[in-house]
Amino acid sequence: MDTQLDPMKDDLPLMANTSYMLVKHYVLDLDVDFKRKVIEGSIVLFFEPGTRYRKTSSTGKECCQSQIDESCKIRAPEPCHLPMTNVSASSSKMEYNDLAVSDKGEEDTSDKNGSHSNSEQASGISSSKDCCDIENHGNKDFLLVLDCCDLSVLKVEEVDVTAVSGTEKFTRSAKLTDVLKEPKNLGNWIVHELVTLPADRWKEQLYYFSLCSQAPACGELLFTTGPWSLEIRKSGTDTPTDFPHAIRIWYKTKPDGRSITWTTDQSGRPCVYTMGSPINNRALFPCQEPPIALSTWQASVRTAAGFVVLMSGENSAEPVQLQEGILSWYYYVSMPMPASTFTIAVGCWQEVKQQSFSAAIQTNTEYSLPSSQADSRWHEEVCGHVEYPCRFQNPAARLQAVIPYRVFSPWCLMELCEECLLQLVPQCLSAAYATLGTHPFSRLDVLIVPSNFSSLGMASPHIIFLSQSVLPGGSHLCGTRLCHEIAHAWFGLAIGARDWTEEWISEGFATFLEDIFWARAQQLTHDEVKGQQELKALLRWRRLRDEMQNSEEELQVLRPKKKSTGELSESGASVVKYGLKAEKIFMQVHYLKGYFLLRSLARTMGEASYLASLQKFVHKFHGQLILSQDFLCMLLEDIPKEKKCGLTVESIFQDWLDTSGIPKPLLEEDETWKDCQLVQQVSGEVTKWIQTNQKVRRSSKKKAKQDEVVFEKLLPDQLVLLLESLLEEKTLCPRILQCLERTYQLREQDAEVRHRWCELVIKHKYVPGYGDVERFLREDQAMGVYLYGELMVNEDAKQQEIARECFASAREHMDVSSAKLVAEMLF
């Protein structure tokens with residue numbers, strides 16, 4: 001594999017040789033230094049030999065499946081998405097005491113009800129036959145390869161777990177006869193026994209992982225770093241079985257590392273958070289990125305007092321003071337997940353509280369709903385995932401309509417969060433539960449991230465990042481985005497793609513489900529639901545049409561690797577096709593085509609039957625990694641023969657997933673949404689505005705009698721459609737634009753509406769609206785990239801000056817991919 005890939009153009013390499021060694025648990029012990037913009041410390045990795053080493057398979061596909069099957073038999077707790085855990089002696093007592101205390105009472109709502117997810121928004125592995133296997137490279141020593149980028153690795157050492165008091169109980173086995181003949185293998189045996197403890201002993205397991213992570217070193221290991229990997233070997237060790245199963249890596253991040261963003265929050269205080277960038281977490285800690293490497297983790301993170309550490313952990317951590325001015329935060333997970341799902345945010349966050357909702361949160365009654373039929377029908381089935389404390393097997397979790405939640409934000413946005421976001425969380429959680437049943441995760445934190453966050457939201461187990469752009473303008477945008485991210489708990493996290501190129505499995509489902517959740521959260525009537533969903537479908541159709549016209553064909557394909565999707569190379573190393581294409585980050589094809597495919601299937605089956613099938617699918621595949629055919633095969637079984645109309649997995653691949661452009665069935669589909677009353681209402685309003693504009697142009701010297709025209713009140717999505725329709729007009733008079741803004745108070749609307757308003761301002765060079773464009777570019781960076789291009793296209797000196805000035809003020813903190821794209825537009 002070429003390790004010198006252009007990071008902005010080529011495929012993303014997954015270098016870890018997971019076929020030979022699999023990480024089963026991470027223990028992180030880290031310090032966050034805001035002055036130097038560095039996270040540093042150590043990470044201890046606990047391994048088991050991979051399935052490729054233990055048994056040979058003839059084909060890549062068979063081996064990939066065998067790896068999954070084998071790993072499901074091996075592990076009890078869950079992998080996580082936070083690489084920070086190497087617990088200090090002072091904090092280990094606190095950690096174990098926390099675990100012991102939770103045994104008593106509240107375990108059912110927090111610990112025991114742990115999460116059960118196996119993958120993240122884009123958890124899947126793509127392989128390439130052109131990618132060379134990384135094994136011994138002709139050397140005698142076995143070579144361990146980890147995914148690593150933008151890190152300074154200081155030292156790698158073998159951990160002597162035999163020195164830990166209490167581990168001797170893991171050596172009392174008849175199987176040890178052969179092991180004792182080779183004392184060097186005793187430590188590896190202890191690690192094997194530890195990682196294979198049954199799920200009901202997960203607290204004991206975490207405790208011994210913590211103790212072992214603090215054990216002394218018994219020798220340094222040789223290592224080399226490349227652009228995308230960390231390679232480790234031990235002299236004289238030629239097989240994965242003999243390679244140390246517990247190693248400690250001392251390292252520090254770099255200020256410009258691509259996995260984390262150092263910036264300031266909206267109140268001007270320093271903060272750092274994981275970006276969810278294409279390279280995931282490899283610039284945060286050395287890891288195995290392929291989703292197949294499901295692991296659990298625990299993390300201790302120290303930072304200055306005044307900062308709050310939020311992570312994707314099962315527990316709501318409380319800080320412990322280690323010394324004056326220094327606090328330590330401890331998180332853990334007991335459910336194996338890909339390392340890519342690990343998330344951290346450190347800042348001066350404030351928890352947003354509202355007294356009227358505290359009782360509902362604590363008693364879980366105000367928003368509780370009866371257990372869904374899906375739960376009562378399928379909960380007794382044996383789970384198909386790796387063993388861990390699964391909420392789907394927990395009676396209390398199955399009745400929990402609203403999981404415990406918290407909302408955090410910078411100080412200056414607390415009031416806005418209290419007015420809008422805080423009350424939406426339980427409504428949206430209840431709606432999700434009513435639709436899909438048991439929540440995969442035991443708790444939820446929602447954080448409003450800094451203004452340079454590059455999307456409207458990002459979901460990880462136990463935590464959701466939301467852009468500040470969702471807050472102004474009422475509840476619609478905030479509610480729909482929150483529903484979208486909550487949907488990822490099931491699709492993208494609890495059920496993840498085995499191949500990262502199949503993003504539609506995550507994003508298409510979340511886009512489809514956000515409509516279902518949001519309708520239920522609002523308690524709409526059947527007709528209101530139908531109207532809003534048809535309107536939304538039209539808006540998405542227009543967006544998909546535009547994207548197909550303005551993007552490379554190769555990026556429009558949902559399954560770019562086609563029949564080789566999910567295959568692995570000999571060592572487990574692979575590439576994610578187009579994983580580092582800068583343009584791809586801003587495309588919505590996986591959201592939109594995926595949504596329309598699911599919408600088409602739902603219309604074929606009927607929504608009630610379709611949602612019942614989704615519940616069935618969740619219960620069968622939660623905690624696992626899947627390919628598209630896993631879902632499609634199961635769904636097609638539930639569609640009556642008379643309704644299938646030639647639908648097969650292969651036909652769906654051909655029509656929807658394996659080709660560019662707008663899917664043929666979607667082109668042939670009657671655009672029924674255009675007959676929707678909400679859409680017709682907008683059409684009427686558009687006609688009024690066009691006629692008024694013509695009247696004003698004809699009587700330029702006279703004041704048009706605007707009061708003669710009565711404009712109707714419109715919903716946010718209707719306003720979006722109205723403005724998009726008016727954007728198709730060649731000329732709108734300044735007086736019309738002024739009247740338009742005043743009629744709908746466009747400056748006070750949500751970001752989706754204001755974005756279209758800014759487009760109108762730019763197109764018609766409406767100078768009084770330039771301040772709105774500047775504000776949008778500074779405060780709504782998650783959506784503003786497109787506007788830079790619009791400002792430059794007109795070749796208007798004033799507009800180009802606005803673009804350059806706004807970019808100059810935002811560039812330092814802007815997302816790397818966004819900054820590069822904007823720079824190409826401006827210079």
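Biologist: Which residues of strand β16 (residues 344-347) point one way, and which the other way?

Modeller: A word on the ground rules: this is a predicted model, in which local features need pLDDT of at least 70 and side-chain atom pairs count only at pLDDT 80 or more, while totals for chains, interfaces and linings use all residues. Residues are numbered from 1 along each chain as its sequence is written, and side-chain values use heavy atoms, with hydrogens and water left out. In a regular strand the side chains alternate between the two faces of the sheet. In β16 every one of the four is buried, with Ile344 and Val346 on one side and, the other way, Ala345 and Gly347.

Biologist: What do "buried" and "strand" stand for here?

Modeller: Buried means under 20% relative accessible area, exposed over 50%, and partly exposed in between, using a 1.4 Å probe and protein chains only. Strands (E, at least two residues) and helices (H or I, at least four) are DSSP runs, numbered from the N terminus.

Biologist: Which residue stands opposite valine 309 in β16?

Modeller: Two strands pair if DSSP finds at least two bridges between them. Strand β11 (residues 270-274) pairs with β16 in the antiparallel sense over two bridges, and there tyrosine 273 faces alanine 345. Strand β13 (residues 308-311) is also antiparallel to β16, over four bridges. In that pairing, valine 309 stands opposite valine 346.

Biologist: Which residue in β8 stands opposite threonine 225?

Modeller: β7 and strand β8 (residues 229-233) run antiparallel and are joined by four bridges. Across from threonine 225 stands leucine 230.

Biologist: Where is leucine 513, and which residues is it in contact with, leaving aside its neighbours within four places in sequence?

Modeller: Leucine 513 belongs to helix α12 (residues 504-522) and counts as buried, at 0% relative accessibility. Its C-alpha atom is separated by 8.5 Å from that of alanine 432, 81 residues apart along the chain. Contact means heavy atoms within 4.5 Å.

Biologist: Which residues link into a cluster through ring pairs?

Modeller: Rings of Phe, Tyr and Trp (its six-membered ring) pair if their centres lie within 6.5 Å; planes under 30 degrees apart count as stacked, over 60 as edge-to-face and the rest as tilted. The structure holds 28 aromatic pairs. Ring pairs join up a cluster of Phe491, Trp504, Phe509, Phe617, Phe621 and Phe631.

Biologist: Why is the pair of tryptophan 757 and tyrosine 766 called edge-to-face, and not tilted or stacked?

Modeller: For contrast, tyrosine 330 and tyrosine 332 make a tilted pair, at 6.1 Å centre to centre with 35° between the planes. The ring centres of tryptophan 757 and tyrosine 766 are 5.9 Å apart, and the pair is edge-to-face because its planes stand at 70°.

Biologist: How far is the charged end of arginine 559 from the centre of the ring of phenylalanine 653?

Modeller: A charge sits over a ring if NZ of Lys or CZ of Arg is within 6 Å of the ring centre and within 35 degrees of the ring normal. One such case is arginine 540 over the face of tyrosine 595, at 4.4 Å from the ring centre. For arginine 559 over phenylalanine 653, the distance is 3.6 Å.

Biologist: How many disulfides are there?

Modeller: A disulfide is a pair of cysteine sulfur atoms within 2.5 Å. Cysteine 287, for instance, is buried at 0% relative accessible area, and its nearest cysteine sulfur, that of cysteine 148, is 8.1 Å away. By this rule the count is zero.

Biologist: And for the whole protein, what share of residues count as buried?

Modeller: The protein has 27 helices and 24 strands. Among its contacts between residues at least 6 apart in sequence, 79% join residues at least 24 apart. Of its 827 residues, the buried share is 62%.
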